[in-house]
Amino acid sequence: MNKSKEELGIIATQVRRDILRMVCMAKSGHPGGSMSSTDFLTALYFNEMSHDPATWTRSGKGQDMFILSAGHMTPVYYSILSRCGYFPVSELASFRQMGTRLQGHPSVRKNLPGVFQASGSLGQGLSAAAGAALGKKLDKDNHLVWCLCGDGESEEGQIWEAGMFAAHHKLDNLIAMTDWNGKQIDGPVDEVAGEGDLAAKWDAWGWRVIVAEGHDFDSIAKAFELAKAGAGSGQPTMILFKTEMGHGVDFMAGTHKWHGSVPKPEQLEDALKQLGETPLGDF
Amino acid sequence: MKKYIDTGKKDTRSGFGAGLLIAAQADERIVALTADLKGSLKMDAFAAEFPERFFQCGIAEANMVGAAAGLAITGKIPFIGSFAEFVTGRVYDQLRQEVAYGNTNVKIASSHAGITLGEDGATHQTMEDIALMRALPGMVVLNPCDYNQTLQATLAAARYDGPVYLRFGRPAVPNFTPADEPFVIGKAVVLNEGADVTLLATGHTVWEALQAAETLEAEGIAAEVIDLATIKPLDEAAILTSARKTGAVVVAEEHNLAGGLGEAVAGVLALHCPTPMEFVNGADRFGQSGTPSALMAAYGIDAPHIADAARKAVGRK
């Protein structure tokens with residue numbers, strides 16, 4: 001797939017509409033981080049990952065794999081998976097409902113195509129991604145393993161255990177991304193448990209580090225190009241995407257208050273108006 | 001009663017190490033990970049023969065669980081090894097999400113389980129691990145009794161498709177089960193038939209139960225000894241058949257009462273065949289430093305305590 005940045009922009013707008021409509025229909029969910037991750041995840045799935053929904057299996061054989069370590073970002077994850085063709089877009093309406101395949105946090109027990117591993121309890125997905133990258137090395141499968149972490153999530157010690165492990169085992173087929181929006185449930189990351197310079201930390205951990213603007217498709221594309229060039233380097237890569245929680249809707253942008261809160265009906269109407277309709281259409 | 005011969009004391013963890021190597025020679029999907037306890041887990045032979053399939057994780061057990069899950073997703077069969085406490089209680093949430101809920105084909109090799117870890121003391125002696133692992137939906141829980149059975153249980157765990165908790169120990173203990181007896185997950189092994197009392201045991205307590213049965217035989221009490229090496233799924237049919245025959249049941253385990261084999265058996269009997277029961281276990285306590293045999297005696301988990309419990313159970317019929 002090779003979408004222009006205009007096309008990516010249209011998809012991202014539709015994904016943000018999906019996110020807001022999903023959480024409003026479910027009256028629960030996590031729109032904030034979903035909206036900060038929307039642009040680079042859209043670029044990842046539509047332009048960068050080597051994957052084919054039609055032949056997808058959980059083993060990931062012959063394809064790139066993606067593990068959502070920050071499992072609460074299911075709204076953006078499910079929207080993009082469905083918009084890529086992993087399952088019908090209409091199924092987004094079942095998000096968080098009884099019996100749904102679209103569980104509040106990703107589940108592998110509902111046979112939802114595209115989901116490789118359960119996540120939700122934070123800090124664990126990067127370890128699973130590192131293990132999958134090891135598995136690909138053993139299989140001499142040159143495809144990549146991608147993983148998305150939150151910056152708040154990176155307060156979990158296991159993230160740093162995984163960082164040590166991936167560098168030690170030279171997992172240069174592992175590309176992790178951090179949605180560096182600076183916000184978490186209780187407030188700004190700097191106020192809750194300041195992490196300092198994440199770029200310096202990952203560098204010290206022995207990773208290749210790329211810092212990019214997470215809402216600029218040129219910067220995103222360049223970051224992915226640099227990241228992919230790490231194959232053969234003997235080092236895993238971390239892309240730190242500088243983003244804004246709730247990006248795309250003025251009253252949601254830049255505040256932690258929308259991490260796990262849902263707009264009221266009149267706020268949804270306002271938000272959808274701000275985003276505008278797209279030719280892709282709502283689910 | 002049927003005579004069991006100790007063919008020479010061996011640690012059950014060495015049975016695991018030997019089984020891991022044999023399983024790996026037959027199946028290239030098998031990989032092994034440890035958190036800086038390769039020697040303690042007896043993974044040396046595997047690591048020497050298959051260096052490219054052995055992954056040292058350092059002292060970082062949480063990541064080890066997740067990495068194993070990732071390897072399993074790609075089709076590998078990972079065995080993760082550490083001391084029982086550090087591969088259960090320390091990483092419970094990781095086992096829950098990445099292995100049990102994530103339904104990944106990970107085998108948890110849990111060594112130095114129970115109080116017989118000995119001199120290192122209570123921080124390293126878990127008496128709660130069976131409870132934790134039993135509580136996880138779908139987790140198979142195995143606790144073989146000697147070197148031979150642990151080797152066979154390791155082969156069975158490798159063949160089984162799904163999460164398995166494989167519990168074994170540190171000290172050299174009598175090796176008495178047949179070397180070539182295949183391990184069947186979910187199947188109890190009747191070691192001795194008897195009509196007066198049922199002794200259900202698991203792990204190191206199986207040999208103790210056999211010793212107790214000999215003592216009881218001299219007193220005219222015929223004890224049926226059953227090895228419950230599979231704690232989950234429990235062989236309910238075997239338990240009920242024996243309980244209906246003897247009318248008195250003792251459950252012995254190197255574990256505390258809460259959530260252990262005793263409570264699992266009590267649940268089965270309460271539903272289908274209420275029977276006088278006695279428990280032999282560590283009660284509700286932490287361990288302490290000491291030799292394995294001194295600790296088993298002090299915590300009331302050895303043959304004399306099993307015999308006492310049997311007399312009590314028979315007396316309640």
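Which residue in β3(A) does Gly150(A) stand opposite? Select Gly150(A): its opposite number in β3(A) is Asp179(A).

Some ground rules first. This is a predicted model, where local features need pLDDT of at least 70, side-chain atom pairs count only at pLDDT 80 or more, and totals for chains, interfaces and linings use all residues. Residues are numbered from 1 along each chain as its sequence is written, while chains are lettered from A and ligands numbered from 1 in the order in which they are written. Helices (H or I, at least four residues) and strands (E, at least two) are DSSP runs, numbered from the N terminus.

**Stop 1: strand β2 of chain A**

Select residues 145-150 of chain A. This is β2(A), and six of its six residues are buried. Buried means that 20 or more other C-beta atoms lie within 10 Å of the residue's own, with C-beta atoms placed from the backbone; exposed means 12 or fewer, and partly exposed is in between. Both faces are covered. Val145(A), Cys147(A) and Cys149(A) sit on one side. Trp146(A), Leu148(A) and Gly150(A) sit on the other.

Two strands pair if DSSP finds at least two bridges between them. β1(A), residues 65-68, runs parallel to β2(A) and is joined to it by four bridges. Met65(A) has Val145(A) as its bridge partner. β3(A), residues 174-180, also pairs with β2(A) in the parallel sense, over six bridges.

**Stop 2: the contact between chains**

Show both chains. The predictor gives the complex an ipTM of 0.97 and a pTM of 0.97. The contact (C-beta atoms, placed from the backbone, within 7 Å) takes 23 residues from chain B and 27 residues from chain A. On the chain B side, α3 (61-73) and α4 (92-101) each supply at least two residues. α3(B) gives the most, with nine.

**Stop 3: helix α7 of chain B**

Select residues 205-218 of chain B. The expected span is 1.5 Å times one less than the number of residues. For these 14 residues that should be 20 Å, and the end C-alpha atoms are 20 Å apart, which agrees.

Colour the buried residues, among them Trp207(B), Leu210(B) and Leu216(B). The buried residues pack against several elements of chain B, including β10 (197-201) and α11 (303-315). Finish at Gly220(B), just after the helix, with a positive phi of about 90°.

Methods. Two residues are in contact if their C-beta atoms, placed from the backbone, lie within 7 Å.
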